Every structure is written in structure tokens, then in C-alpha cells.
There are 2 protein chains.
Amino acid sequence: MAARSKPVSSATGPANSRGKPTLRTIADITGLAVTTVSRALANAPQISIETRNRVRQVALDIGYSPDRAAQRLKTGRTNVIAVLLEPHEEILGYGTSVMAGIAKALQGTPYHLIVMPNFLNSANIDAINYIIRNSMADGLIFSRTEPLDPRVMLLSENGFPFVTHGRTELATAHPFVDYDNFTFACEATRQLIAKGRRRLALISGPAGYTFAGHIQHGFMTAVREAGCAYEILSDIDLDSPAGAIRDRIRRRYAEKDSPDGFICGGEVCALATITGMTDCGLTLGLEYDIVAKQTSQLLSAIQPRVGTIYEDLTATGEHMGRILLRRIAGSTEFNELQLLLKPDLPFETQPVSAAD
Amino acid sequence: MAARSKPVSSATGPANSRGKPTLRTIADITGLAVTTVSRALANAPQISIETRNRVRQVALDIGYSPDRAAQRLKTGRTNVIAVLLEPHEEILGYGTSVMAGIAKALQGTPYHLIVMPNFLNSANIDAINYIIRNSMADGLIFSRTEPLDPRVMLLSENGFPFVTHGRTELATAHPFVDYDNFTFACEATRQLIAKGRRRLALISGPAGYTFAGHIQHGFMTAVREAGCAYEILSDIDLDSPAGAIRDRIRRRYAEKDSPDGFICGGEVCALATITGMTDCGLTLGLEYDIVAKQTSQLLSAIQPRVGTIYEDLTATGEHMGRILLRRIAGSTEFNELQLLLKPDLPFETQPVSAAD
DNA sequence: CGATCCATTTAAAACGTTTTCATCATACGA
DNA sequence: TCGTATGATGAAAACGTTTTAAATGGATCG
């Protein structure tokens with residue numbers, strides 16, 4: 001209990017050269033050793049309950065908070081989760097929704113979220129190399145996977161914990177959360193067919209991404225099964241600026257016969273399609289219909305109603321966050337690290353997933 | 001030149017307990033002292049040119065990159081710029097555009113950008129306290145200032161470098177970049193008046209924000225100067241979901257006489273206004289017109305044309321980044337730390353600003 | 001030839017933690 | 001009474017940098 005010999009400085013107030021209180025400050029005030037203070041704050045079992053309380057109280061009083069840099073240096077852990085954010089993902093809040101979900105999953109953990117914007121022309125793979133080399137984070141989340149995604153390969157090789165939004169076709173399994181875009185596209189197509197539409201068109205994600213392939217596959221499946229005419233508008237995609245989509249539609253169907261049903265992978269895309277068709281003198285709900293994937297409220301302002309199938313991006317983010325924490329904690333059980341979310345369809349029940 | 005006595009270990013390969021090469025590894029290989037290696041990599045003038053080159057070469061060969069945690073601990077600098085991101089800012093890529101600009105400004109500097117999402121219900125001020133206490137960054141950027149913004153006060157008191165997007169009415173000056181929303185609103189209103197519109201309505205930003213006040217002020221100024229009828233739709237704003245805006249418009253003007261001109265602070269807002277008015281059987285360009293602030297390409301898909309006045313958010317971000325770097329470097333010259341951007345108007349020339 | 005200076009290089013301390021290994025009472029069983 | 005387990009605390013080393021102060025060995029100079 002009694003302090004042994006120790007160079008007690010002023011024994012009060014912040015004693016740090018930079019002005020911030022440190023473990024040393026608390027040690028001086030309480031007359032304990034730095035070791036003990038560190039342990040008390042870490043809730044180590046060996047520290048007596050009184051000491052622990054006293055230390056915590058002093059820490060609170062002087063407004064102590066641990067130096068993250070020192071902790072990082074010593075432990076090698078950063079307590080940071082990084083999200084790779086790409087420009088196009090922001091359109092209509094993709095990034096926001098996902099990040100909100102991740103933040104939710106991280107709440108109450110020592111981890112916090114940083115977002116690494118990937119704007120400058122640097123390839124995506126550079127950003128990942130940068131994060132690994134500089135130990136910027138303990139785990140990584142990113143989206144828009146490709147079937148043979150080099151990012152996934154790089155991270156897997158390095159044993160760096162990560163979760164993707166989207167599957168790959170790589171041989172080595174990895175943690176992911178994905179939306180069943182095949183089923184989405186099937187169902188969207190069937191809804192149009194049910195409305196009597198027989199000449200269908202697809203505007204999907206940019207070629208090369210896994211999810212775009214799934215959408216196309218689902219579309220083809222439903223279209224063949226009904227035996228109706230179709231086209232895939234492969235020279236425009238979700239990421240195109242609204243104006244470009246509109247122009248493309250207008251020019252394409254100004255003279256030529258147009259489809260009477262569109263499947264759109266996104267909301268801005270649907271909107272632009274409508275205005276392009278209007279340019280051609282064609283009216284939504286009359287000459288044609290649209291079914292689009294919905295991730296925000298934008299289309300609720302559009303009239304007449306566009307058919308929508310919902311993808312919950314915040315839930316996706318939350319799942320990704322939780323899975324990443326599991327991965328960092330050491331789990332390699334892929335049945336709790338992989339999750340395929342089903343579209344909310346009227347007549348199917350949402351299958352219970354592996355993750356809670 | 002000759003290595004004195006030194007415990008040369010294996011003198012090759014990474015010697016770090018964690019597997020990564022450190023300054024020590026390079027020192028062992030070259031036979032130099034750690035100090036010298038550190039200086040060589042920092043381009044210190046006192047190191048001979050040959051030594052410098054040799055060290056750099058070895059560093060490159062073994063793939064050395066400095067431990068950020070150790071650098072942070074020693075220097076107290078983080079080399080990080082933080083951006084506070086709020087959910088609503090993502091709508092139509094506000095966040096993206098600004099961040100792309102900041103990233104551009106940071107290119108080639110040792111700084112890199114992290115984004116702290118501010119989702120969870122925690123008040124904004126908590127996020128800032130957190131950043132200061134934990135030394136998460138060397139500087140901070142955030143937006144949507146209030147006239148008496150508590151965040152600005154807190155940061156100013158703590159001497160923490162920051163730049164805001166938006167002015168305040170606080171007594172103490174601080175670095176900012178702002179768009180001249182007063183002029184924007186004046187001009188937008190005048191454009192409607194020039195089209196012969198005489199019953200005008202404003203849908204502006206959420207009350208409480210500085211920029212919303214400026215818009216309202218500009219609107220009132222132009223409206224009074226022309227002596228026309230007006231209303232301010234204060235129960236809906238930019239941040240409202242599109243569906244809510246549409247409903248609000250529809251219900252309000254279903255029976256009652258509607259305005260013949262709208263000033264909209266944002267694009268989704270303009271879109272929702274159009275559909276709401278369509279619900280009432282009123283046609284854009286015929287019974288009414290709209291002038292909106294444009295920050296993306298969304299409205300380019302809308303027909304007939306909505307009047308727009310452009311705000312360049314990427315440029316804003318770039319200016320904020322540059323100003324923050326100046327501030328961190330120690331500048332207190334407010335004439336190079338504050339910047340008011342003028343809307344791009346047809347008949348006025350853009351005033352050359354203080355910042356490049 | 002000794003003092004002085006310059007250009008390089010180095011040793012060692014420090015940044016604030018965590019962790020390994022002791023230390024020290026006290027209590028306990030024999 | 002003596003070893004020994006036990007429960008609480010402490011000293012010191014380490015993480016990988018940067019920085020202060022010092023050393024080294026010529027070259028220059030009076």
C-alpha cells in the first residue's frame with residue numbers, strides 16, 4: 001500500500017511534455033507504478049479492486065486517454081477498420097448506407113472506422129498495398145468484387161483480414177457478404193413478364209464486376225424461360241452519368257422499336273431511362289414498365305410508380321462489420337464468415353443466415 | 001567510412017520481430033548507425049550524398065517503409081487529415097466530390113485523408129472531442145456550419161487546425177471556404193422573375209445552418225426588390241427524403257393556388273418538386289419554373305430543363321485541403337485562409353481569390 | 001605543431017505504452 | 001518456526017522512430 005521510494009514530481013496536474021496526461025501522470029498522483037496503472041485501466045485480474053477504482057477515478061479526473069500511437073507501437077494492433085471508398089459508390093448514398101451499417105457493428109468495440117477514399121487515379125490494388133505496408137488498419141472492407149479479384153488474392157496471400165461486398169470465383173474461400181443478384185434479376189424480369197411485357201432490356205452494372213454477371217445471368221434465365229425478346233444495353237451501365245444514359249436511350253429508340261420493359265440495376269439509371277423514353281414520346285406505365293433495384297428513397301418521388309426490389313445496404317454493412325470482427329478474432333469458419341442475402345420477395349421467406 | 005565496432009547480426013534480410021524491416025535492419029546491412037539511416041531517408045543535409053543513395057537503395061531493395069506508429073509517437077504528428085462525414089451529405093455525392101478535391105490537394109504531401117463517419121447518434125461535438133483527445137489527426141475539415149457553431153468554438157479554443165465549409169458569425173475568425181449562397185439565391189430568384197414568374201417559393205437548407213440563412217436572405221432580397229408574392233416552405237428542406245418533399249408539395253397545392261416559380265437548394269429536392277407538381281396536374285415550363293443549385297449531373301436527365309446554378313464541390317474540397325495545409329504549417333494570415341467562392345454567373349467575372 | 005573548424009557519423013535518450021520477470025508482504029500448512 | 005503458496009505491486013526492457021549532444025578524423029590556419 002505504501003509507496004516505496006519514488007521520485008514523486010509535483011504529484012498533481014498533467015506532467016507530460018506535450019501537455020497531455022499519461023500513465024506516468026496517474027502513477028505519480030496515486031503513488032503507484034506505471035505498470036500497475038496500466039493494468040488497472042486494462043482491468044487486469046491481478047490488481048486489487050480498490051486500486052483499480054482509485055486509478056480509474058484519477059484517470060477520469062485528469063481526463064486521461066491513452067496514446068493510440070504508443071499502444072499501436074507496442075502491441076502492433078491499430079484498432080482501426082478501413083473501408084475502401086470509390087467515387088461511384090457514393091451516388092445516392094451507397095457509401096453512406098454501408099458505412100452507417102459498419103459503424104453500427106463496431107459500436108461498443110475498441111475498433112473505429114476510417115474510410116480511405118480511392119479517388120486519385122491510383123489503382124485499387126495500390127491502396128491495399130499501402131494499407132498493408134503501413135499497417136493502417138487491422139482489417140479491411142471493400143466492394144464491387146471481380147470474379148478473379150486481384151485485391152482478394154493479394155489480401156489472402158498476406159493473411160490480412162478482410163470482408164468483401166460481393167463474391168469472387170477464386171479457389172480460395174474468403175469472407176464476404178453478398179446480395180443474391182441472380183434472384184433479383186430473375187424476379188425483376190418475371191415481374192415485367194407478368195405485366196405482359198415481352199420485349200425486355202437490361203441495364204446492369206459495369207461489365208467485369210461479379211454482381212453484374214449475376215444480374216445478367218438472372219435476366220437471361222428468366223427471359224429464356226419465358227421465351228421473349230430481349231436486349232442487353234452493354235454500352236451504358238449503372239455508373240454512367242444520368243445525362244449519358246438518357247441520351248443513349250433517346251438516340252437508340254428515337255426511330256427503332258423500343259423495348260416495353262426495362263430492368264435497371266440502380267435508381268438514377270431508372271430515372272434517366274424514364275426521361276430518355278419520354279424524349280421518344282413513350283410513357284411509363286403505358287408503353288413500357290421498369291423494375292429497378294432500390295437502395296434509397298429517390299424513386300419514391302417518381303410517377304408513375306417504378307417497380308422496385310429492395311437491397312438493404314445498411315444491413316449489409318452491419319453484417320460485414322460483424323464478420324470482419326470475427327475474422328480478426330481468429331475465426332476461419334467460413335459458415336460464419338460468408339453470407340448471401342436474399343432479396344425481399346413477396347412470396348418467399350427470407351432464409352435465416354449463418355450470421356446471428 | 002569504416003564501420004566501427006558493432007554487433008552486426010545476420011546483416012541480411014528482415015530482422016524485425018514482427019517480420020517487417022526497420023531502420024535497424026538497414027543499419028545492419030549497410031554497417032551504418034540507425035541515426036544515420038534515419039537521416040539519410042529524411043534527406044538531412046549533413047549526410048553525404050553517397051551514403052544517402054546507398055541507404056535509399058537498400059531501403060528500396062528490402063521494401064522498407066517506416067512504422068507510422070513509431071513516427072507518430074516520437075514526433076507527435078499523425079500526418080493525417082480527418083474529414084467529418086455526415087449521412088445526409090452523401091446524397092448525390094456531396095461527400096464524394098468534396099473528398100475527391102481534398103485528396104487532390106493532399107497529393108504529393110505526406111498527409112493522407114481519413115473520413116470519420118458521424119452516423120451513430122452521437123452529437124457532432126463528441127466526434128471532435130474524440131479526435132482531439134486521441135490525436136487522431138493533425139487537422140480537421142467539416143461542413144454545414146451554424147452561425148454560432150459549437151464545433152468551431154471548441155476547435156478554436158484548443159488551437160486545433162481546421163477548415164470549415166461554410167462561415168460562422170463568431171467573433172473569432174477561422175479558416176473557411178464558402179460558396180456565396182446569398183448571391184446564388186438572389187440570382188436564382190431573378191432568373192425566375194426574368195421569366196415572368198411572380199409568385200415564388202423557396203425550398204432551402206435546414207434551418208439553423210449558416211448557408212440556409214444566406215439563401216433565405218438572398219431570396220428575400222430579390223423578392224422584395226421585385227415586389228412579388230412569395231412563400232418559404234420551411235417545413236421541408238434539402239435533407240428531406242424525396243418522397244416527403246413530393247407529398248408535401250402535392251398536398252399543399254392540390255387545391256390552393258400554387259407558386260409559379262421555385263428556388264430549390266438541391267437537385268433531389270428539385271426532382272421531388274417536379275413530381276409533386278405533376279401530381280397536381282401542373283407542368284414544368286408551362287405553369288411553373290424551377291431554378292436549383294446544381295452539384296451533380298442528376299438534373300441533366302430531367303425534362304424539360306430545370307434552371308441551374310452550379311457549385312463546384314470538388315474545387316471547394318481542393319481549396320479546403322490547401323488551406324488546411326497552410327494552417328498546419330503555421331499560417332495565421334486569414335487572407336490566405338478564408339475564401340468565398342462566387343457562383344458562376346453569365347455576366348459577372350469570377351473574382352480572383354486569395355488562394356492561388 | 002597545436003588549435004580550430006568542418007563534414008560526417010554515432011551513441012543515447014526520449015516518446016507512452018505493454019509485457020516479462022522479479023519482488024515483497026502476508027497467510028498458510030506442516 | 002520454516003518453507004511455500006498467494007495476491008498485489010514494481011523495475012526494466014521493448015516496440016521503431018527522431019533528436020540532442022557528442023565524437024571522429026581530416027583539413028586548415030596561425
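Visitor: Leaving aside its neighbours within four places in sequence, which residues is B:I249 in contact with?
Guide: A contact means heavy atoms within 4.5 Å. By that rule, B:I249 touches B:I203, B:L233, B:I236, B:F262, B:T273, B:G276, B:M277 and B:C280, leaving aside neighbours within four places in sequence. Before we go on, a word on the source: this is a predicted model, where local features need pLDDT of at least 70 and side-chain atom pairs count only at pLDDT 80 or more, while totals for chains, interfaces and linings use all residues. Residues are numbered from 1 along each chain as its sequence is written, chains are lettered from A and ligands numbered from 1 in the order in which they are written, and side-chain values use heavy atoms, with hydrogens and water left out.

Visitor: Which residues have the most contacts inside the largest nonpolar core?
Guide: In soluble globular proteins, nonpolar side chains tend to be buried together. Here a nonpolar core is a set of buried Ala, Val, Leu, Ile, Met, Phe, Trp, Tyr and Cys residues joined through side-chain atoms within 4.5 Å. Buried means under 20% relative accessible area, exposed means over 50%, and partly exposed is in between (1.4 Å probe, protein chains only). The largest core has 91 residues, and those with the most contacts inside it are A:F262, A:I290, B:I249, B:F262 and B:I290. A second, separate core of 45 residues includes A:L325, A:L339, B:V98 and B:Y111.

Visitor: B:C280 was among the contacts of B:I249. Where is B:C280 found?
Guide: B:C280 is in the loop between α11 (267–279) and β9 of chain B. Helices (H or I, at least four residues) and strands (E, at least two) are DSSP runs, numbered from the N terminus. Leaving aside neighbours within four places in sequence, B:C280 contacts B:I249, B:R250, B:Y253 and B:A254.

Visitor: How many helices and strands are there in chain A?
Guide: Chain A has 12 helices and 11 strands. Of its 356 residues, 53% are buried. Among contacts in chain A between residues at least 6 apart in sequence, 61% join residues at least 24 apart.

Visitor: How should I read the relation between the two copies?
Guide: Two copies of a chain are related by a rotation about an axis and a shift along it. The same surface serves both copies, with 100% of the contact residues of chain A recurring in chain B.

Visitor: Is A:D180 buried or exposed?
Guide: A:D180 counts as buried, at 5% relative accessibility, whereas A:K342 is partly exposed at 30%.

Visitor: Which residue forms a salt bridge with B:R197?
Guide: B:D289 does, with the closest N and O atoms 3.0 Å apart. B:D289 lies in strand β9 of chain B and B:R197 in the loop between α8 and β6 of chain B, so the pair ties together parts that are 92 residues apart in sequence. Both B:D289 and B:R197 are buried. B:D289 also forms a salt bridge with B:K195, where the closest N and O atoms are 3.7 Å apart, and B:K195 is exposed, with a relative accessible area of 54%.

Key:
A salt bridge is a side-chain nitrogen of Lys or Arg within 4 Å of a carboxyl oxygen of Asp or Glu.
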